[in-house]
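Subject: Handover of a structure and the findings from it

Dear colleague,

Please find below the structure that I am handing over to you. The findings follow directly after it.

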Amino acid sequence: MTLKMMKAIQVYEYGGPEVLKLESIQCPDPQEGEVLIRVFAAGVLPIDWKIRKGMTKNIFTVQFPYIPGTSFSGVVEKVGRDVTGFQEGQFVFGRAKGTYAEYTIASADNLIQMPEKLTFTEAATITGGAATAYNALFNEGELKTGQKVLIHGAAGGVGSFATQFARWKGANVIGTTSTSNIEFVHSLGAEKVIDYTCTHFDNVVKDIDFVLDTVGGDVLNRSYSVIKKGGTLISLLEQPSLDKMKKLGINGKRNSGFAFNEDLKIIAELIANKKIKAVVDNIYPLTNVHQAHRKSETGHGRGRIVLQISDSM
């Protein structure tokens, strides 16, 4: 039976972390094609605080109050009409609107059943980090075995997965990171690690087949020169310059799509079988969501930040 009330983070206006309010609100009820999920873990993504600060309001608007979060893992609590393939008690992960809450509503089409050995914490990192990396490398960039790959921000939430996926594919990986994360990025599979605090990557690398840019700005602008003719540039934040790419004879685009469900299943199995590591920087309780957002805003963590919603993890 659906609970009447639940704890959730509500946002009533744009602003700093202080606008994140923990409140008791009515628990939603799944409609046709929907599933009610008891959320065990929710990923804290950069897009979450960018929306909270109003940085994306020229792209899309939000209706106040809203519950932040899109990436989650949890247990099926109740299924709506015409939902097949899911039943109460199943462990699942996926994407939904409003995951900083004890319960969330997800479309059945956006749910994946968790492999047996996958933890809730690991599963919460998939749609918000691993899926982005996988899609950028393999669907958008068509990365091939043996290629030389440069991954910017290789210690971050997307970069840490991208480094591992590229190595798993058999690519030769170069990563950029800060001094404190050099050994960490090596441990993820990067054969060469560049400390961006003291070395300009464009002074020490060339003839790169594939660049994954997770930083943007000046890093993106300096990346064109290191890519060999016919190479590929995928940026997570900005559309690469069509004029520059045409002049240099390289291909590229802004990664804007999501991984397919079949991709998510592959990722989940890789993590469950310990072939890929889901790196979690910090785990916070829902009551410490302000601290989680402040940490995410620094942009200097390792891997993903996760909210622990349930105490049963």
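Which residues form a nonpolar patch on the surface? Ile47, Ile59 and Phe60 do so, and together they have about 290 Å² of accessible area. Such areas come from the Shrake-Rupley method with a 1.4 Å probe, and for residues only the protein chains shown count as cover. A patch is made of residues with over 30% relative accessible area and no salt bridge; like charges are joined within 9 Å, and nonpolar side chains (Val, Leu, Ile, Met, Phe, Trp, Tyr) within 5 Å.

Before the other findings, please note that this is a predicted model, in which local features need pLDDT of at least 70 and side-chain atom pairs count only at pLDDT 80 or more, while totals for chains, interfaces and linings use all residues. Residues are numbered from 1 along each chain as its sequence is written, and side-chain values use heavy atoms, with hydrogens and water left out.

Helices (H or I, at least four residues) and strands (E, at least two) are DSSP runs, numbered from the N terminus. Ile59 counts as exposed, at 67% relative accessibility. Here buried means under 20% relative accessible area, exposed means over 50%, and partly exposed lies in between (1.4 Å probe, protein chains only).

Strand 4 (residues 71-79) contains Glu77. This residue is partly exposed, with a relative accessible area of 25%. Glu77 and Val35 are 42 residues apart in sequence, and their C-alpha atoms are 7.6 Å apart in space.

Salt bridges

Side chains of opposite charge can pair when their charged atoms come close. A salt bridge is a side-chain nitrogen of Lys or Arg within 4 Å of a carboxyl oxygen of Asp or Glu, and a search of the whole structure finds 12 of them.

Arg52, Lys53 and Glu297 are linked in a network of salt bridges. Arg52 meets Glu297 at 2.7 Å, N to O. Because Arg52 lies in helix 1 and Glu297 in helix 10 (residues 289-298), this pair ties together parts that are 245 residues apart in sequence. Lys53 meets Glu297 at 3.2 Å, N to O; Lys53 is in the loop between helix 1 and strand 4, 244 residues apart from Glu297.

Another salt bridge joins Asp209 and Lys228 (2.8 Å, N to O). Asp209 lies in strand 11 (residues 208-213) and Lys228 in strand 12 (residues 227-235), so the pair ties together parts that are 19 residues apart in sequence. Asp209 is buried, with a relative accessible area of 14%, and Lys228 is partly exposed, with 36%.

Helix 9

Helix 9 (residues 261-272) has 12 residues and reaches 16 Å from its first C-alpha to its last, close to the 16 Å expected at 1.5 Å a residue. The expected span is 1.5 Å times one less than the number of residues. Its buried residues include Leu264, Ile267 and Ile271. The buried residues of helix 9 pack against several elements, among them strand 5 (91-95) and helix 3 (126-140); contact means heavy atoms within 4.5 Å. After helix 9 comes Lys274, whose phi is positive, near 65°.

Yours sincerely
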